[in-house]
Amino acid sequence: MESIVTYLIVGVTALVSWRAFSDHKLLARLILWPPAISRNRQYERLVTHGFIHADWMHLLFNMFTLFFFGRVMEMFFSQRIGPLGYLAFYLSAIVVAIMPTYIKHQKDASYRSLGASGAVSAVLFAFILLAPWERIYIMPIPIGIPAFVFGGCYIGYSIWMDRQGGGNVNHSAHLWGAVYGMLFTVMLEPQVASTFLARLMNP
């Protein structure tokens, strides 16, 4: 069955997030809380935080994005490293995207982070490498934006907002997830880089 891993990730994430909305003990056990990792060696939190979300809008935005772009990337990765390879890519993206944040806040007992945004960014930017001129629609804007334009704006915005600090959005995870998604894809299939440039120059 095509896209089974993407459907599985979306389903599990939606179920766990839904349960955690009302189960505060579950939320507290899965969220990225630095002292739990550094003191109690609960390293699994580096992954589990990617399966819970702050609210329904947070969850729906991430899962809709993963649903549309993840199916394409699952096919791409599965042809090269199999469905389990794609799953490993997604899970590793959760960890890689959050590591700079964890290192920065590992002694901050007041810090917490949750959400699949880092891994979803990795999937999205891997897609942008393959289809830079594909249109990406951002509601409520009715006009599609070329994927590479969206990607450039997204990275620039994430860098700027991360430097500003504050707020409840982990822009660092978005940025590092995007970088990881592109690097992983190029390392797996080196000609993707030259193909990306060729497609960029010939829309």
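**Entry 1: helix 6 against helix 8**

I looked up which residues meet here. From helix 6, I list Ser 117, Gly 118, Ser 121, Ala 122, Phe 125, Ala 126 and Leu 129. Their partners in helix 8 are Ala 173, His 174, Gly 177, Ala 178, Tyr 180, Gly 181, Met 182, Thr 185 and Val 186. I sorted the residues of this contact by class and found 9 nonpolar, 7 polar and no charged. I note that the model is predicted.

Next I checked the geometry. The axes of helix 6 and helix 8 come within 7 Å of each other and cross at roughly 45°. That angle makes helix 6 oblique to helix 8. The crossing of helix 6 over helix 8 is right-handed.

**Entry 2: Val 186**

I picked one residue from that contact. Val 186 is found in helix 8. Is Val 186 buried or exposed, or partly exposed? Its relative accessible area is 25%, so Val 186 is partly exposed. The cut-offs explain the label, because buried means under 20% and exposed means over 50%. I skipped residues up to four places away in sequence and found that Val 186 touches Leu 129 and Ala 193. I also looked up a pair: Val 186 and Ile 37 are 149 residues apart in sequence. Their C-alpha atoms are 31 Å apart in space.

**Entry 3: helix 7 against helix 8**

I turned to another partner of helix 8. Helix 7 covers residues 147–164 and helix 8 covers residues 171–188. They pack at an angle of about 140°, with axes 8 Å apart. That makes helix 7 oblique to helix 8. Helix 7 passes helix 8 in a left-handed crossing.

Which residues of helix 7 meet helix 8? I wrote down Tyr 154, Ile 155, Tyr 157, Ser 158, Ile 159, Met 161 and Asp 162. Across from them in helix 8 are His 171, Ser 172, His 174, Leu 175 and Met 182. By class, this contact of helix 7 with helix 8 has 7 nonpolar, 4 polar and 1 charged residues.

**Entry 4: His 171**

His 171 lies in helix 8. I checked its accessibility. With a relative accessible area of 9%, His 171 is buried. I left aside neighbours within four places in sequence. His 171 is then in contact with Tyr 157, Ser 158, Met 161 and Asp 162.

**Entry 5: helix 1 against helix 5**

I moved to another pair. Helix 1 and helix 5 pack at an angle of about 145°, and their axes are 7 Å apart. Their crossing is right-handed. Among the residues of helix 1 in this contact are Ile 4, Val 10, Trp 18 and Phe 21. From helix 5, I noted several, including Trp 56, Leu 66, Tyr 86 and Tyr 90. The residues of this contact of helix 1 with helix 5 divide into 17 nonpolar, 4 polar and 2 charged.

**Entry 6: the nonpolar cores**

How many residues does the largest nonpolar core have? I found 36. Inside this core, the residues with the most contacts are Leu 66, Met 73, Tyr 86, Tyr 90 and Val 123. The elements that give two or more residues to this core are helix 1 (4–22), helix 5 (56–105), helix 6 (117–130), helix 7, helix 8 and helix 9 (191–201). Helix 5 gives the most, with 12 residues. There is a second, separate core of 5 residues, and it includes Leu 32, Leu 46, Ile 98 and Tyr 102.

**Entry 7: Met 73 and Val 123**

Met 73 is found in helix 5. Its relative accessibility is 0%, so Met 73 counts as buried. Setting aside neighbours within four places in sequence, Met 73 is in contact with Tyr 86, Val 123, Ala 126, Phe 127 and Leu 130. Under the same exclusion, Val 123 is in contact with Leu 66, Phe 69, Gly 70, Met 73, Tyr 86, Phe 89 and Tyr 90. I also checked Met 73 against Val 169, 96 residues apart along the chain. Their C-alpha atoms are separated by 25 Å.

**Entry 8: Arg 41**

Last, I looked up a loop residue. Arg 41 lies between helix 3 (34–38) and helix 4 (45–48). With a relative accessible area of 60%, Arg 41 is exposed. Its phi is near 55°, a positive value in a residue other than glycine.

Technical notes. Residues numbered from 1 in each chain as written. Predicted model: local features only at pLDDT ≥ 70, side-chain atom pairs only at ≥ 80, totals over all residues. Heavy atoms only, no water. Axes fitted to C-alpha atoms, helices over the stretch in contact; angles between N-to-C directions. Helix = DSSP H or I, 4+ residues; strand = E, 2+ residues; numbered from the N terminus. Parallel < 35°, antiparallel > 145°, perpendicular 65-115°, else oblique. Left-handed = near helix turned anticlockwise from the far one by under 90°. Contact = heavy atoms within 4.5 Å. Nonpolar A, V, L, I, M, F, W, Y, C, P; charged D, E, K, R; others polar. Buried < 20%, exposed > 50% of the residue type's maximum accessible area, 1.4 Å probe, protein only. Core = buried A, V, L, I, M, F, W, Y, C linked by side-chain atoms within 4.5 Å.
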